[in-house]
Every structure is written in C-alpha cells, then in structure tokens.
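Hi,

Here is the structure I promised to pass on.

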Amino acid sequence: MTTPRRDSTPSPELNPATDALRQRIIEETRKRTGKTPYDWQVQVTLDKLAGKDTFVIAGTGAGKSLTFAMVPFMVPKSITWLLAPLNYIEEQLVKDMEKWGVPAVAINQNSNWEEEKRNILRGKYQVVISSPEAFLSVDRLRNILTSPELEGYQHFGTADEAHVIHTWGTGFRVDYGRVGNLRAIIYNVPFSAVTATATPAIKKSIIECLHLGKQRELAEINLGNYRDNIEYSVHLMKGGSESYEELFQFFPDPNNIPKTLIFVDRTHDTHVIATKLRKHLGIEGTPHWDKVRPYHANRAQSGKDRCAEDFKNGKCNAIPSTEALTMGANFDDVELVIQLPAPNSAVTHVQRIGRGGRTSGTRCRGVMMVTPNQYQRAIQLCADIKDMQPDDLLNAKVEEEDLDELEGVLAGEQTQATDNNGAMDEPSDEDAKKSSKTGLRAINLHVARFITTKTCRTKVLDDIFKNPEHISCYEAGTCDLCVARRARDEAANETDTHTQERALKREEIEVQLDARGEAIEEPKRKRAPRADNRTGKELQRFVDRLKQWRRKVFRAEAETGYLGIEDIMTDKAMEAIAKCKSIKNILDLDRLEPPWPQRVRWGGEVVGIVLELTGTIEEEKHKATEAEQEQKEAERREKDERRKAEKEAKRLAQQQEREAKRATNVPRHTPTSNIHTPPQAGPSNQTPGGSFGPAIVAQSPARVVIGPDGRSRAILATPTSHQVNSYIPVQQQATPHTPPIPRPPPFARSIGYSTPTPHPNPAYMAHPPPYIPRPPFAYSMPYVTPQAHPRAGLTRLTPQHPIVISI
C-alpha cells in the first residue's frame with residue numbers, strides 16, 4: 001500500500017507571522033481554558049502552524065500539555081498523534097484535553113479497540129494518544145495512520161516525555177528507539193518533541209531519532225527545568241535502602257500528614273513502606289488506614305485509578321510508588337517528594353521531584369535519601385572533579401559486609417506490567433542497571449555530583465541540563481545548601497538591638513547639641529592590645545576539636561538535609577576561633593574576623609568547647625611544670641648525694657693515707673736527760689688520772705723558749721688527752737733544740753690551725769712562741785694565767801692554754 005503524501009503546510013489565511021493570528025491563539029486559549037497562555041506556548045503553536053519541527057524543554061508543571069491542545073483550538077480539522085510512555089499519562093492527557101474541549105482518546109489495554117478504531121476513522125478525535133508499540137504495530141494504529149479516510153485532515157506528530165527515547169530505547173522498550181519510523185509513515189508532517197529533562201546527549205539522541213530539522217526547519221525552545229517552588233535536598237542515611245524507619249522523621253504529626261509521594265525502585269518496597277508508615281502514624285487497623293497506599297504497575301487498573309483519584313481529592317495523603325508515577329502525573333498541592341534510595345540518573349530524579357508543587361503557591365521539598373554505599377560511590381566518581389570534592393569529614397567508613405546486609409535485595413523476580421499493546425508502565429528490576437554487590441541501581445556521575453557538591457545543587461542541575469539563566473537559587477531558596485547559606489548570612493548581618501538603641505540615642509543628643517551650638521566630645525580610645533594568638537600544635541589541637549564538633553553537628557543536621565558542612569562553620573571562622581585566646585563568653589565571638597554567622601545558634605557550645613579545652617591544656621601545662629620541677633629536684637638531690645659520696649670517699653682515702661703515714665713515722669722526743677722525772681707515785685704514771693709519769697713526759701714533744709727574765713721555759717706544743725691535768729717537773733735548762741711540730745690530734749682536723757689568741761698578761765709572754773696549734777677544746781674557753789702549784793717547780797696544765805714548763 002502506497003503511503004499517501006500529506007502536505008501539512010497551513011493555508012494562507014493562517015499565516016503565523018501575523019500579529020492577528022497570535023492574538024487569535026491567545027483569545028481562543030483563554031476562551032477554552034480560562035487562562036492566558038504564556039508567550040512560549042503561543043510561539044510553539046505558531047511554529048507548528050508554520051510547519052516547523054519543534055523541540056521544547058520546559059520544567060515539570062510548566063504547561064507543556066496545553067501546547068498539545070492549542071493547535072486543535074486553531075485547526076478544528078486536524079489530528080495530533082501523541083506518544084506517551086505510561087498508561088497513567090495517557091489517561092491523564094485525555095482528561096485534560098476533554099476539560100479544554102478537545103476530543104481525545106487513549107489506545108491501551110483499557111480501550112475497546114474495535115470501537116475506538118471506527119471513531120478515529122470517522123474523525124471523532126482531534127488527539128489520539130498511545131504508546132510507540134501501538135503506533136508501529138500493524139494490528140493497531142499503523143494502518144490507521146495511512147488510512148485514506150484521514151487524508152483530508154491536517155496531521156501533527158508529538159512525542160511527550162521525549163527523553164525516554166534515549167533512556168528506554170536501548171533496552172527497556174526498544175520500540176522507542178525506532179520511533180523515528182513514524183516520520184516515514186506520516187510523511188511530511190511537522191513533528192514535536194517535548195520534555196522537561198534533556199541533557200545535551202539526550203537532546204542530540206532525540207533529534208537524531210526523530211529526524212528533527214532534516215525535512216523542515218527546527219525551532220527550539222529551552223526554558224530549562226528550574227522551578228522556584230521546589231527545594232532540592234539530600235539526606236545521608238545511617239542504614240541501607242531498607243532502613244524504612246528513617247522516613248518517619250518526615251511525618252512527625254499523625255494528625256497533619258503532608259501530601260507526599262515516596263518513589264522507590266522495587267514493588268515490594270511500596271507495600272513495606274505503606275505498612276510501616278501506617279504503624280508509625282497509628283492508623284494501622286483503623287478506618288483511616290487508606291491515608292497511606294502503595295502504587296505500582298502490578299496493581300489492578302481499577303485500584304490504581306482509585307488510589308490516584310483519592311490522592312487528588314485529599315482522601316489519601318501519602319503514596320509509596322514505583323516508576324509508574326514518575327512522569328506525567330499531575331497532582332495538586334504535593335508538599336513532599338522523597339526518593340529512596342538515590343536514583344540512577346539526574347533525569348529520573350528531576351522527573352520524580354517534579355511531581356510536587358504543581359499548584360501555584362505550593363512549595364514542595366524534594367529529598368534524595370542516599371545510602372552509605374551510594375555516598376561512597378559518589379565520592380569515588382567525583383574524585384577527579386575539583387569543584388565538587390566532598391568534605392573529608394563525611395568519608396564515613398562502612399564495612400562491605402554491613403553494606404551487603406543493609407542493602408541486600410529480597411529474593412524473587414519482579415514482574416513486568418505489560419498491556420496488550422506491548423507497552424509497560426515501569427521498567428523491571430532486571431532491566432535496570434544494578435550494582436553487582438548491593439542489587440541497587442548504580443548511580444551515574446550526574447547524581448554523584450548532585451550528592452557531593454558543597455556549593456549549590458541547583459547549579460549542578462543547571463550545568464547538567466544547560467538551563468538558561470534564572471533567578472538565583474540563593475534568593476529563591478531552591479536547594480538546602482543555599483537555604484543554609486542564606487540563613488548563615490542573615491544571622492551574620494543581624495544588628496544588635498542595643499547598638500541600634502545607642503545609635504538612636506546618640507542621634508538625639510547630637511540634634512540637641514547642634515541646636516545649642518555644641519558638639520559631642522569623643523573620648524580618647526585606647527588602642528586595644530594585640531591578642532596573643534595560639535600557634536603550632538596548640539592551634540592544631542583546637543582546630544581538630546572544632547572539626548570534631550562540626551562533624552557531629554553536621555551528622556545531626558543531615559537527618560533533615562538542611563545544612564551543609566560549610567554552613568555550620570567555615571574553615572576560616574574555625575581558624576579564627578581556634579587562634580583567639582581571649583574567648584571567655586559568647587560575646588567575644590562577635591569581635592572575630594571573619595564573623596561566624598551561626599554564633600547565635602551554636603555559640604554557647606563552641607565557647608564551652610574552647611573553655612574546656614583551654615582548661616585541659618592549662619592543667620596539662622601545670623602538670624608538666626610540676627613534673628619538670630620534680631625531675632630537676634631529683635637530679636639536684638642525686639647530684640648532692642653523689643658529691644657527698646665522693647667527698648666522703650675522698651675523706652676516707654685521706655684518713656687511710658694519714659693513718660698509714662703515722663704508722664710508719666717515729667716521733668722525735670726531747671732527751672730525757674734534760675727533763676727531771678719525779679719519783680713515781682703509784683699507778684698515776686700509767687693512767688691519765690695520775691699526777692706523774694715518765695711515759696707521759698716522754699710522749700710529749702717540747703721545745704725551749706727564753707723569756708724576758710732570762711729563764712728558759714719548755715713548752716709542750718700540742719698536749720694530748722693523757723697530758724691534760726698532768727704535772728711535768730723541769731729541773732734543768734733544756735737543750736736549745738726545737739723538735740718538729742707533730743700533726744694535730746684527730747679531733748682538731750675538722751677545725752684547722754689558727755693563730756693563738758694573745759695572752760691577757762703581757763709579762764707572761766713577752767716573746768710569743770711560734771705558731772702553736774690550738775686544741776679544739778681551747779675554743780670554748782679563754783686563756784688564763786697558769787695556776788701556781790703547791791710544789792715548787794711544777795705548773796698545772798689546763799686545757800685553756802698552751803703547756804708552759806718553768807725551768
């Protein structure tokens with residue numbers, strides 16, 4: 001059968017270049033929908049009417065579906081062949097078209113094919129929606145596309161959610177890879193590709209597959225997928241993908257359940273999450289159990305329709321879902337979208353998060369829950385990207401066996417949901433790329449960058465999808481990092497109310513003084529002394545302690561995915577706090593440069609840490625000083641003991657030497673012939689207590705001294721203990737011979753020799769004797785005049801004076 005040539009060039013009266021046509025499009029759209037179309041929607045319609053191929057990138061909820069109906073508004077006798085990837089999207093589009101007054105039909109497993117085939121050939125529908133499998137099948141729509149009954153209609157081709165041509169066309173649904181064959185079936189028909197998520201590689205793949213711009217001009221409109229009412233965030237999980245209890249933190253109030261979509265990759269997870277969430281909210285087994293319901297492709301179509309309808313009407317508050325609701329689902333007032341665990345691509349994440357915030361004035365939070373294994377994988381992928389390096393504080397070490405246990409996949413095969421046209425609602429677990437160890441879908445570099453960035457998550461998405469310029473994420477608060485950074489900056493810029501009051505008071509005083517012609521006398525300010533900063537090992541110790549505190553706070557805040565590691569405390573602020581020794585209270589943090597924005601929130605904790613560590617260091621220094629002093633004292637005592645031991649050894653050696661010399665030295669004595677020996681009288685000559693004794697005299701060396709009266713005296717130089725209180729008679733003049741002075745007795749060695757004190761009687765010693773050693777006992781008593789003895793010629797010897805013998 002020859003394919004009829006269809007020329008869809010609009011008639012001259014529909015010249016798209018005129019302002020009149022543009023105005024007609026706006027008025028007709030406002031009449032049908034009650035809304036004024038955006039300029040880009042009008043431009044897409046004009047390009048289609050002009051016979052151009054179009055490629056539109058617009059964010060989720062931007063109004064792409066309306067462009068499918070605006071052409072039928074202007075060309076009543078036209079048919080738009082619309083490709084949709086999921087049955088739910090097909091049914092949703094049919095309802096939207098009928099709401100706007102455009103007859104439409106969805107050809108899928110729920111359709112009465114024979115009846116709908118006749119209606120299409122009669123021209124009943126302006127929009128026919130189905131899957132690429134149905135359009136390429138000879139048993140379905142392919143023969144209708146070439147039917148002669150439709151030659152009089154103007155045809156348009158459109159691929160909704162066109163990014164799946166690239167993501168699904170190579171494996172999951174190969175017919176999407178052959179969708180470009182439609183250009184040969186409906187020849188010379190303008191074709192349009194519409195998506196919210198197209199990276200440069202995906203865009204190139206779509207254009208090549210659909211042969212856009214080859215037969216006619218290609219008009220591209222790229223609005224990007226940025227939305228200022230969605231806040232992206234990342235939650236770092238403590239457990240694996242089956243740690244469902246970590247979802248409970250997002251549902252703190254059972255009486256106020258936010259409208260939530262929870263996307264998972266496995267059908268089994270939807271039921272487990274629904275059951276656990278019901279128990280957490282206390283609605284399990286109650287009439288309100290249906291506030292949380294699972295949704296996946298294996299459910300009956302009636303159950304899926306009822307679940308989606310109740311979710312729209314508010315009867316159901318939370319839906320754990322698989323891929324079946326990822327694209328095209330249009331729900332109002334969705335406040336929270338959770339992805340558990342991280343998806344395999346940024347395209348999937350943006351599509352899923354895009355299900356929320358589709359109503360004007362509704363703000364949605366999109367949370368990506370990342371398992372420890374996925375975070376480690378993200379770090380490895382981003383290791384060579386300089387501006388995306390993750391903070392080393394987050395490199396938590398997780399054992400591989402723990403990850404296998406946490407992230408293990410339940411045994412059993414997942415079935416595919418396939419309708420009678422060959423289309424599937426979601427990819428099976430076997431078709432998805434998975435990690436060989438964990439069974440989870442592997443993340444790509446785009447997702448890894450989104451997870452590990454420390455700057456802005458929206459910026460990463462802009463770079464991935466090449467989004468045009470838009471309002472700053474910092475101003476709009478569309479990612480958790482920028483929200484935290486703005487909160488930090490606002491805290492830093494807060495003005496002290498007391499400062500404001502003082503400024504106002506000063507202004508009032510200045511006005512009053514100006515009225516009197518006076519001025520405020522500024523007091524001389526003393527220059528603040530330069531702070532003594534910490535350096536070296538002490539500084540590093542404070543920095544390490546503050547890093548430990550920052551890691552702890554970050555992990556606590558990571559449960560909400562709100563603050564980044566730098567938002568808690570920057571490295572510069574940390575260094576300034578660690579250096580300053582003058583921090584005593586929270587007010588001291590206000591004087592630091594650069595300022596720490598979060599000092600109002602965590603200043604008390606940080607000051608406590610600084611003071612505690614300061615006290616610890618001071619105590620350690622005190623203990624070190626005491627230990628050093630004790631060591632020095634011990635060394636001193638050891639030195640003194642060693643010196644005493646050496647001295648004592650030296651003394652003993654000298655004593656031994658003297659004793660040895662004394663033993664070998666024979667003393668010289670005065671000849672006994674010159675000394676009169678009195679008669680022996682009893683035993684006193686043998687004992688110290690006796691009065692006479694030749695032994696004593698013989699053992700007492702003496703010398704002769706001539707006195708002033710011409711008489712000679714014999715003087716004993718050094719009396720011994722035996723000579724004390726002894727009487728020595730002298731009868732004749734001694735020989736003028738001076739014997740050597742013997743060594744002092746042992747008891748005088750420690751005192752030494754000294755010059756004797758002059759005698760009080762000058763007549764007694766007109767001529768003092770030469771150097772005479774003094775016995776020790778002579779120091780304690782003065783010299784006295786020798787006492788006269790009853791016997792003539794004898795003198796009593798006393799310990800107080802030298803021994804003088806009269807001749």
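Let me start with strand β1 (residues 53-58): 6 of its 6 residues are buried, so the strand is largely enclosed by the rest of the structure. Buried here means under 20% relative accessible area, with exposed being over 50% and partly exposed in between (1.4 Å probe, protein chains only). Helices (H or I, at least four residues) and strands (E, at least two) are DSSP runs, numbered from the N terminus.

A word on the source before going on: this is a predicted model, in which local features need pLDDT of at least 70 and side-chain atom pairs count only at pLDDT 80 or more, while totals for chains, interfaces and linings use all residues. Residues are numbered from 1 along each chain as its sequence is written, and side-chain values use heavy atoms, with hydrogens and water left out.

Back to β1. Asp53, Phe55 and Ile57 point one way from the strand, Thr54, Val56 and Ala58 point the other way, and all are buried. β1 runs parallel to strand β7 (residues 218-224), joined to it by 6 bridges, and parallel to strand β6 (residues 191-195), with 4 bridges. Two strands pair if DSSP finds at least two bridges between them. Phenylalanine 55 has glutamate 220 as its bridge partner in β7, and in β6 it stands opposite alanine 193.

Next, a pair of helices. Helix α1 (residues 19-33) packs against helix α3 (residues 64-74) at an angle of about 110°, with their axes 10 Å apart. Axes are lines fitted to C-alpha atoms, for helices over the stretch in contact, and angles run from 0 to 180 degrees between N-to-C directions. α1 and α3 are therefore roughly perpendicular to each other (65 to 115 degrees). On the α1 side the contact (heavy atoms within 4.5 Å) is made by Leu21, Arg24, Ile25, Glu28, Thr29, Arg32 and Thr33, and on the α3 side by Leu66, Met70, Phe73 and Met74.

Threonine 270 counts as buried, at 0% relative accessibility. Leaving aside residues up to four places away in sequence, it touches Val264, Pro294, Tyr295, His296, Pro320, Ser321 and Thr322.

As for the whole protein chain, it has 25 helices and 15 strands, and buried residues make up 49% of its 807 residues. Among contacts between residues at least 6 apart in sequence, 73% join residues at least 24 apart.

Best wishes

Note on methods. Parallel < 35°, antiparallel > 145°, perpendicular 65-115°, else oblique.
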